Amino acid sequence: MPYSIGPVSCGAYGGPGRYLDSQRHSAHKEALSPSAIETNEAFPLSIPKSDQQSQPKQDRRTIILNNLPDRTTHKDIISILRGGSLLDVYLRPQEKAASVSFVESTAAEEFLAYVKRNDVYIHNRRVTFSWSERQFYMPGHVANKVARGATRNLVIQDVKPNITEQRLRDDLDHIHNLVIISISFANGDVYLSLNSIHNSLFARTCMLSRALYKGLRIEWYPDECALPLPKQQISAKRESAPPPKTKAMPMINRFQMLDMDDDATEDSSSGAAEEDLTMTTGFSSLQTSRRSPWGVPTVAA
């Protein structure tokens, strides 16, 4: 049965269709002629401007943490990260490593420069930091949410009494790769610290679709890792202090001891003379003129 291509009716095995094919073949042959190749009409060497524009260089935002203790948790990693909001935290316990991705590439660069100058420890073990070979890509829809204030942390305001920590964990357990780092209650609100921004987007959408959370306000709250890096304590070079002044020692006469011996000899000779004088006067007085060095009066016998 004949079939139609446009206004021309073609047979299954011939007819006008063969004529159209011959026309296309001749046109293609003319395009490949030497004259067409010389004039670059067959294969244009110019590249479209859209293809000339190279893809923007991907920002480096992912850092690898190595030499982690066996009992390291996501909470331990969060506690040592500062300088910028986190996009994702992924823990690899078997490799004793973890990868952290910052929202801003400048924050990742500043943090890596800081830990290169300052040692960072987790459970008394020094952690090493380096750029990851595989950088985390931030999708466009996540970037738009981040521009509107999205973080990896959620807050549910004015929660109901039947919303407990275990109920929250059960309701979010089905989200792939979601890690609830901590859940805390304060002033009628509940705060959830999660391991990534895209997981917080899924968790928020999931809770808003459930009847238990209907009418509740679920928003994002700031990432504690966005706190500034500690100021580096750079010890200034101390100026050499002048040596302490020592009191000048008086000149000691080497022959002073000899003089003291002479004085003692004179005192003893004078004392003997006085004693002889007292005995010759018939012991007129029994009290001596000298006092005890401890202030105790001398008692006569």
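Is Phe129 buried or exposed? Phe129 is buried, with a relative accessible area of 6%; buried means under 20% relative accessible area, exposed over 50% and partly exposed in between, for a 1.4 Å probe and protein chains only. The model is predicted, so that local features need pLDDT of at least 70 and side-chain atom pairs count only at pLDDT 80 or more, while totals for chains, interfaces and linings use all residues. Residues are numbered from 1 along each chain as its sequence is written, and side-chain values use heavy atoms, with hydrogens and water left out.

- Rings of Phe, Tyr and Trp (its six-membered ring) pair if their centres lie within 6.5 Å; planes under 30 degrees apart count as stacked, over 60 as edge-to-face and the rest as tilted.
- The count under this rule is 3 aromatic pairs.
- One of them joins Phe102 and Phe111, a tilted pair with 5.6 Å centre to centre and 45° between the planes.
- Phe102 is buried at 0% relative accessibility, and Phe111 is buried at 1% relative accessible area.
- Phe111 also pairs with Phe129: the centres are 5.6 Å apart and the planes stand at 85°, so this pair is edge-to-face.
- Because Phe111 belongs to helix H5 (residues 105–117) and Phe129 to strand E8 (residues 128–131), the pair ties together parts that are 18 residues apart in sequence.

**Sheet E4-E5-E3-E8**

- Helices (H or I, at least four residues) and strands (E, at least two) are DSSP runs, numbered from the N terminus, and two strands pair if DSSP finds at least two bridges between them.
- In this open sheet, 4 strands follow the order E4-E5-E3-E8 with antiparallel pairing.
- Strand E4 (86–92) and E8 are at the edges with a single partner strand each, so one side of each has no neighbour in the sheet.
- Strands E3 (residues 62–66) and E5 (residues 97–102) run antiparallel and are joined by 4 bridges; Leu65 stands opposite Ala98 in E5.
- Helix H5 lies across E3, E5 and E8, where contact means heavy atoms within 4.5 Å.
- H5 runs at about 145° to E8; axes are lines fitted to C-alpha atoms, for helices over the stretch in contact, and angles run from 0 to 180 degrees between N-to-C directions.

**Sheet E10-E11-E9-E12**

- A further open sheet has 4 strands in the order E10-E11-E9-E12, with antiparallel pairing.
- The twist averages 20° from one strand to the next.
- Helix H8 (residues 197–208) packs on this sheet, touching E9, E11 and E12.
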